[in-house]
Amino acid sequence: MSNALTILKTRFGYDSFRPNQEEIINAVLEGKDVFASMPTGGGKSICYQIPALALEGLTLVISPLIALMKDQVDAAVESGIAAAYLNSTLKADEAASVYSRLYRGEIKLLYISPERLALDGYLDKLKELPIRFFAVDEAHCLSEWGHDFRPDYLSLAMLRDAFPGVPIAAFTATATKKVQKDIVRILKLNDPFLIRASFNRKELYYRVDRKEKTLAQISSFIKDHEGQAGIVYRTSRKDVEKTAAHLSERGIRALPYHAGLSQALRAENQEKFNNDDVQVICATIAFGMGIDKSNIRFVIHGDLPKSMEGYYQETGRAGRDGLESHCLLLYSAGDLVKQQYFIDQIADPDEQKKAKENLSRMARFAAVNVCRRKQILEYFDESAGDDCGFCDICTGSHEKINASVDAQKILSAVMRTDERFGLTHIIDIVQGADTEKMRTTGHDALKTYGVGKDKSKKWWRGIVEELISQEAALQDTQAYNALKITEKGRRVLFGKESFYILKREDTLPKQPSDQEDLFAKSGKYSTELYDRLKETRFLLAKKKGVPPYVIFSDKTLREMAALKPVDNSGFLRVSGVGETKMEQYGPFFIPVIKEFLGY
Ligand code: ADP
Ligand code: ZN
């Protein structure tokens with residue numbers, strides 16, 4: 001057995017490597033530079049933690065996520081790694097104690113913030129330490145093309161010259177090639193071992209619903225995920241507050257998070273979420289960078305995200321432990337129009353164009369009836385193969401309806417009124433409504449007036465939404481949202497192209513199903529025991545002052561509830577239990593299992 005695999009088993013309690021981990025670790029151990037782009041949850045930490053244990057001397061991890069360092073170090077220490085961190089949150093005496101442990105060679109893994117490295121003379125100070133390996137986490141922060149550019153990160157450019165013989169590995173969850181090039185160039189990586197992992201998050205179920213009653217849709221979804229942690233993203237601060245209040249009124253423990261709250265309150269709310277003290281965090285996209293919580297079971301987007309990249313990163317925060325998790329996006333063409341309006345205000349024409357492209361790509365994702373995963377992977381230039389079987393398009397039973405005639409009714413009303421009216425009036429025409437506006441415009445005399453009497457307002461609204469989503473019509477923000485007909489719309493109107501909509505029966509299982517191999521092998525886990533183990537974890541976490549997932553992931557607890565080990569060797573067999581954790585936590589968890597079994 002390779003040394004790395006032994007460490008994986010004994011320290012981390014895992015049986016096998018995830019894709020690419022072993023290759024990356026071996027490259028580092030051979031002294032090579034590495035560039036690795038792996039999705040969130042891909043298991044990047046182990047790629048530098050195992051070398052830290054295997055190499056003589058010190059491994060330095062540079063990470064911008066100061067707020068997270070403590071949790072990361074706690075988690076490493078839990079697995080029996082001599083780890084510590086240095087950043088501005090430490091008091092002088094705490095930092096001094098870290099330094100003296102460093103000089104005594106008692107630390108193998110040191111996390112450090114980029115600001116430190118940027119300090120004058122700091123690199124020289126580091127040279128006194130036996131550094132064998134640098135890991136640069138969140139390496140996309142180096143690139144101005146990335147979405148989180150941090151000027152401080154540029155000081156990392158000096159690492160290569162200051163430590164010519166020490167391998168550097170760069171890790172990022174961002175997929176674009178442009179960012180990759182920047183990272184390799186700025187860090188001066190020397191013929192690096194390149195890994196671009198698949199961006200397919202198999203454990204995520206993607207689903208898009210038509211947005212109708214946003215708050216009610218959100219709360220009913222969450223009610224179906226009782227007790228599970230989740231994030232609700234909203235675009236505006238006001239909607240974040242509203243959503244949090246709505247959920248709280250319905251007995252769901254939820255807190256808001258947005259840039260309008262004080263730094264202290266934000267940190268407090270994040271921590272409560274991290275520690276499972278509240279179930280849901282309602283947030284703007286200000287929330288999430290560096291969220292390490294592994295047991296997030298759902299991510300809801302109450303509004304249309306601005307880009308596929310953003311959507312992928314935000315949904316990616318669910319399911320880091322590899323367990324099935326659900327992503328729900330609520331979509332209406334109205335959101336598209338709202339966003340377009342903001343884009344129209346962007347002064348720089350290049351930026352405006354880019355924003356438009358991003359948005360229309362995102363809207364297409366939500367609107368078209370194509371496997372969601374296929375669309376995501378195509379976006380990242382990854383070939384997707386067959387339909388995934390694990391998204392609303394693949395699992396729902398749909399009926400594809402030819403709605404060409406109804407589409408023509410709407411489009412014809414639009415054309416006959418010279419593309420000057422908004423959707424409400426157009427629907428009124430088709431339905432033959434008797435309104436003041438109808439009488440003053442004389443539109444009740446149109447040929448299309450009342451041709452759609454037989455169907456509901458909701459139906460016609462749906463047709464208009466589909467026309468917009470499928471880009472057969474658009475709402476002109478420059479002209480009071482008047483409906484306009486596009487090229488495609490003309491083809492539909494004149495019968496040169498058919499127009500289809502999808503009627504969907506939702507056949508989604510409400511709770512995540514337990515189809516994983518493990519649970520098939522060991523029988524379904526007992527939810528009652530699982531809840532008791534969770535309670536034990538929660539109390540232990542409180543006592544130790546660490547987030548619960550740092551002790552064991554949800555996945556580990558489920559496996560424990562399935563295998564029901566009653567002695568140390570059985571306990572060690574649970575994936576995620578290494579020797580250190582067995583010694584520390586066996587005495588707390590095994591009695592709970594025994595009691596459950598009636599020992
Ligand atoms: P990333 O930093 O890439 O988002 P992490 O390093 O936080 O991912 O790992 C995500 C989760 O997967 C963690 O709970 C980690 O313990 C777990 N994990 C990592 N490697 C393995 C493995 N080989 N087998 C099982 N679980 C793993
Ligand atoms: Zn699919």
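# Reading a predicted model, feature by feature

Modeller: Let's jump in at Asp418, which counts as exposed at 51% relative accessibility. Here buried means under 20% relative accessible area, exposed means over 50%, and partly exposed is what falls in between, with a 1.4 Å probe and protein chains only. Before going on, the ground rules: this is a predicted model, where local features need pLDDT of at least 70 and side-chain atom pairs count only at pLDDT 80 or more, while totals for chains, interfaces and linings use all residues. Residues are numbered from 1 along each chain as its sequence is written, chains are lettered from A and ligands numbered from 1 in the order in which they are written, and side-chain values use heavy atoms, with hydrogens and water left out.

Biologist: Okay, and where is Asp418 found?

Modeller: Asp418 sits in the loop between helix H18 (404–416) and helix H19 (423–431). Helices (H or I, at least four residues) and strands (E, at least two) are DSSP runs, numbered from the N terminus.

Biologist: How do I read backbone angles, and what is phi of Asp418 near?

Modeller: The general idea is that most residues other than glycine have a negative phi. Asp418 has a positive one, near 60°. Lys188 is another case to look at, with a positive phi near 55°. Lys188 belongs to the loop between helix H9 (177–186) and strand E7 (193–196), and is partly exposed at 38% relative accessible area.

Biologist: Now cysteines. How many disulfides does a search of the whole structure find?

Modeller: In general, a disulfide is a covalent bond between the sulfur atoms of two cysteines. The test used is a pair of cysteine sulfur atoms within 2.5 Å. A search of the whole structure comes up with 0. Take Cys282: the nearest cysteine sulfur belongs to Cys327 and is 16 Å away, and Cys282 is in no disulfide.

Biologist: Is Cys282 buried or exposed?

Modeller: Cys282 is buried, since its relative accessible area is 0%. Cys371 is buried too, at 2%.

Biologist: On to charges. How many salt bridges does the structure hold?

Modeller: The idea first: side chains of opposite charge can pair when their charged atoms come close. The cut-off is a side-chain nitrogen of Lys or Arg within 4 Å of a carboxyl oxygen of Asp or Glu. By that test the structure holds 39 salt bridges.

Biologist: Which residue does Arg207 form a salt bridge with?

Modeller: Its partner is Asp209, and the closest N and O atoms are 2.9 Å apart. Arg207 counts as buried, because its relative accessible area is 14%, and Asp209 is buried at 14%.

Biologist: And what about the accessibility of Glu249 and Arg250, whose side chains meet in a salt bridge?

Modeller: That pair comes in at 3.6 Å, N to O. Glu249 is exposed at 64%, while Arg250 is partly exposed at 37%. Leu493 is part of helix H22 (residues 487–493) and is buried, with 13% relative accessible area.

Biologist: Where do Lys272 and Glu268 sit relative to each other?

Modeller: Their side chains meet in a salt bridge at 3.2 Å, N to O. Both belong to helix H12 (residues 263–274), and they are about one helical turn apart because 4 residues separate them. Lys272 is partly exposed at 30%, and Glu268 is partly exposed at 41%. Elsewhere, salt bridges with shared partners link Lys211, Arg234, Asp239, Lys242, Asp303 and Asp335 into one network.

Biologist: Last one: how many residues surround ligand 1?

Modeller: There are 14, and the closest are Tyr14, Ser16, Gly41, Ser45 and Arg320. A residue is near a molecule when one of its heavy atoms lies within 4 Å of it. Helix H3 (residues 44–54) supplies the largest share of that shell, 3 residues.
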